[in-house]
Amino acid sequence: MNRGMFAMSKKGWILLGLLALVVVWMFTGNSEPAIEDGSTLVVDIQGAYVDGVVSPMLSLFAGPEQSLLQAVSRLRKAERDPRIETVLLRIRGVEMGWGQAEELRGRIAALGEAGKRTIALLEYEGYGNGSYYLASAAGHVAATPGGHNPFVGIAGEYLFYGGLMEKLGIEVEYERIGQYKSAVESYAHSKATDPNREMMRSMLGSVEKTFVGAIADSRGMTADEVREIIDGAPTSPTEMLDAGLIDQIAFYDELMESLGDPTTVDSATYDGVSPETVGFEPVSTLALIYGSGPVVTGSGDRTASGGRVMASETVAASIREAVENEDVSAIIFRVNSPGGSPLASDLILRELERAQEEGKPVVVSMSDYAASGGYYVAAGADSIVSYAATLTGSIGVFTIRPSFGGLYEKLGIGFESVTHGANADLLLVSDALTPEARGVLKRDVESIYSLFLDRVVDGRGMSRDAVHAIAQGRVWTGEQAVEIGLVDRIGGLRVAVEEAMELADLDPGADVGIIEYPRPKPLGQQLAELLGVRATASLAELPLPPALRQMLVTFEALPAGKPMLVMPGHITIH
């Protein structure tokens, strides 16, 4: 038997089977579900959410990927649905940044403001603030008896690999512009510099203020009372109940019994309800263009291991497609990026400028991160909207050039080099740079930093001195960025929509539709990705400390030895 022919045949049968499943999936279950009056919508909130178009095929077969927009839209729809009386949120541990958490939390609060009864059930054990932060927005908070989510405050974690590099014999040379441009410190130093430490404390304090203030407002406490509870470190549901952080201890079935065993609707069923059924009548359309992950040149939306990237050609094509769509009144550019390539950032910024020249207003909606290259692409927008705890700014440049000569010697590897050109040693990685070559490197980053300042000056209408004073690589929270002029408004997607509608001269009380970009890929391409996406394990799934995992995901897509616009890539605020 020809094993090669058999292998191909087997692969063909797999593809045929997948196609058959897709056909069944596409042509069944399209009838809208019947929702009874007084129903309770049960929503599971668990795991990670993405700012991006979700591939149904990849989610169906290669592991679930949850769209933040879909989660938000589901709650927004329930807010308008008179048949939904109660929304019960089963919170089982979330993996999201503070920006996305603010988005979901805001939608939960909006349900209550619309007259819906909101209940959060914490079914979670472990440390971290995300689950309770979300739950506290509900009008009634319950926790299962066996769960525990210690309420101990906010902590920041930062890793430095300078000592490891020294042990390996790797000399890390770098040039940077901005005393706060601390990403290089993670590789070249063993501890934080004073400016870096100052920035860390400032960011942490701002996030803590947002966290404590939100819980205080929701639970009817003062900020000082919440901080006093934090210092007492309640861990068990009983202690959280006594502290006033929750209202009830119950299992899911006990909670439902206390509600009178209402008719329930799960998320999957409710997603079949069309927006038109609950009264949505869009008068226009807005384009929602995603820019998630490290900023890179070229096309695509993922790295080899599955991490998302903001690729210049892909994002530019999406912008052009939105401009050419006559139904699109304005563009919302959703940025969730720590930065990356200066060239890619400039190309994306230029395409957004061209959209504005064609009469399409541009609003930037910042997610968890929109820093360095992530801020660069946003700088020229007509309006910038950020969450209070978004990490943004980081207007600065750095380049890292490792020298592996010491490592080669440790491994017994000999090396020689031949160059033509006074500064050609910039192309090598075996020896340390000459002073002259270091000067070339410095001029390179200075040139990029100057261009970065120009882009912010032009986009924000600020003086060059004013921008330089708040730049120098410093990361700001969204709350701080509003005060210094880098951001226009605090808010999430809903506020970004309001800004876009105002710029497009649309009735502020009207409904608008949303088209996501990049558009979903053809079925064949989704199938090809499905067969290959698990060939390489995702770096985001490796069993590593969160800060180290984040660093690997960020730098997987970025080229070595080139200037980069990247925020401190290892900031993890728990």
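Student: At what angle do the axes of helix α13 and helix α14 cross, and within what distance do they come?
Tutor: This is a predicted model. In it, the axes of α13 (residues 312–324) and α14 (residues 342–357) cross at roughly 5 degrees. They come within 9 Å.

Student: Parallel or antiparallel, then?
Tutor: Roughly parallel. Angles under 35 degrees count as such, so α13 and α14 qualify.

Student: Which residues make the contact?
Tutor: From α13, Ser312, Val315, Ala316, Ile319, Arg320 and Val323. From α14, Ala344, Leu347, Ile348, Glu351, Leu352 and Ala355.

Student: How many of those are nonpolar, polar and charged?
Tutor: The contact of α13 with α14 has 9 nonpolar residues, 1 polar and 2 charged.

Student: Switching to Asp346. Where is that?
Tutor: Asp346 lies in helix α14.

Student: Which side chain does the Asp346 side chain pair with in a polar contact?
Tutor: That of Arg455. The polar contact between the two side chains is 2.8 Å.

Student: And what is Asp346 in contact with, leaving aside neighbours within four places in sequence?
Tutor: Tyr376, Leu451 and Arg455.

Student: Now the whole chain. How many helices and strands?
Tutor: The chain has 22 helices and 23 strands.

Student: What share of the residues is buried?
Tutor: 52% of the 574 residues count as buried.

Student: And the accessible surface? How much belongs to carbon and sulfur?
Tutor: The surface comes to about 25300 Å². Carbon and sulfur atoms hold 53% of that.

Student: What about contacts between residues 24 or more positions apart?
Tutor: They account for 75% of the chain's contacts with a separation of 6 or more.

Technical notes: Residues numbered from 1 in each chain as written. Predicted model: local features only at pLDDT ≥ 70, side-chain atom pairs only at ≥ 80, totals over all residues. Heavy atoms only, no water. Axes fitted to C-alpha atoms, helices over the stretch in contact; angles between N-to-C directions. Helix = DSSP H or I, 4+ residues; strand = E, 2+ residues; numbered from the N terminus. Parallel < 35°, antiparallel > 145°, perpendicular 65-115°, else oblique. Contact = heavy atoms within 4.5 Å. Nonpolar A, V, L, I, M, F, W, Y, C, P; charged D, E, K, R; others polar. Polar contact = N/O pair within 3.5 Å; in protein donor to acceptor, adjacent residues only side chain to side chain. Buried < 20%, exposed > 50% of the residue type's maximum accessible area, 1.4 Å probe, protein only. Areas by Shrake-Rupley, 256 points an atom, 1.4 Å probe, with all protein chains shown as cover.
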